[in-house]
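Dear colleague,

Please find below the structure that I am passing on to you.

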Amino acid sequence: ECKYMNSTALGVLIKAHGSYDSREGIIKLCGLQRRMQNILVVSRLINHFGHYPSAEEAVASFAEGPASV
């Protein structure tokens, strides 16, 4: 559970997304607290990740295909 994310952590997330995306991989986020979701919405990063209420839903979504962005 992540309650806080500083700019360094956001940078790591962006870099990981670029790395996975270049290899046709997908990063999916789950269980985002409202504050974290707001940060990702304001920074427009939410559009680059699939996001799900629970880990189970995130894992199950891999069988459905690419992230819902």
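**Overall fold**

Read from one end of the sequence to the other, the protein chain follows the pattern α-β-α-β-α. The radius of gyration of the protein chain is 12 Å, close to the 11 Å that the globule rule gives for 69 residues, so the chain is as compact as a globular protein of that length. Please bear in mind that this is a predicted model. In total, the chain has 3 helices and 2 strands. The C-alpha trace spans about 30 × 25 × 20 Å along its principal axes.

Of the 69 residues in the protein chain, 28% are buried.

**Surface and charge**

The protein chain exposes about 5000 Å², and carbon and sulfur atoms supply 55% of this area. As for charge, the chain carries 7 positive and 6 negative side chains. The centres of these two sets lie 12 Å apart.

**A residue in helix α1**

His-17 has its place in helix α1, which covers residues 7–22. Is this residue buried or exposed? The relative accessible area of His-17 is 18%, and the residue counts as buried because this value is under 20%. Leaving aside residues up to four places away in sequence, His-17 touches Ile-27, His-48 and Phe-49.

**The loop between β2 and α3**

Two residues of this loop deserve a description. Pro-53 is found in the loop between β2 and α3. With a relative accessible area of 63%, Pro-53 is exposed, because the value is over 50%. Pro-53 and Gln-33 are 20 residues apart in sequence, and their C-alpha atoms are 9.4 Å apart in space.

Ser-54 is also found in this loop, between β2 (50–52) and α3 (55–61). What does the side chain of Ser-54 make a polar contact with? The partner is the side chain of Glu-57, at 3.0 Å. Not counting residues up to four places away in sequence, Ser-54 touches Cys-30 and Gly-31.

**In brief**

The predicted model shows a chain with the pattern α-β-α-β-α.

With kind regards

Notes: Residues are numbered from 1 along each chain as its sequence is written. This is a predicted model: local features need pLDDT of at least 70, side-chain atom pairs count only at pLDDT 80 or more; totals for chains, interfaces and linings use all residues. Side-chain values use heavy atoms; hydrogens and water are left out. Helices (H or I, at least four residues) and strands (E, at least two) are DSSP runs, numbered from the N terminus. A polar contact is a pair of N or O atoms within 3.5 Å; within protein, one must be able to donate a hydrogen and the other to accept it, and residues adjacent in sequence count only if both atoms are side-chain atoms. Contact means heavy atoms within 4.5 Å. Buried means under 20% relative accessible area, exposed over 50%, partly exposed in between (1.4 Å probe, protein chains only). The radius of gyration is taken over C-alpha atoms; the globule rule is 2.2 Å times the number of residues to the power 0.38. Accessible areas come from the Shrake-Rupley method with a 1.4 Å probe; for residues, only the protein chains shown count as cover. Lys and Arg count as positive and Asp and Glu as negative; His and the chain ends are not counted. The place of a charge is taken as NZ of Lys, CZ of Arg, CG of Asp or CD of Glu.
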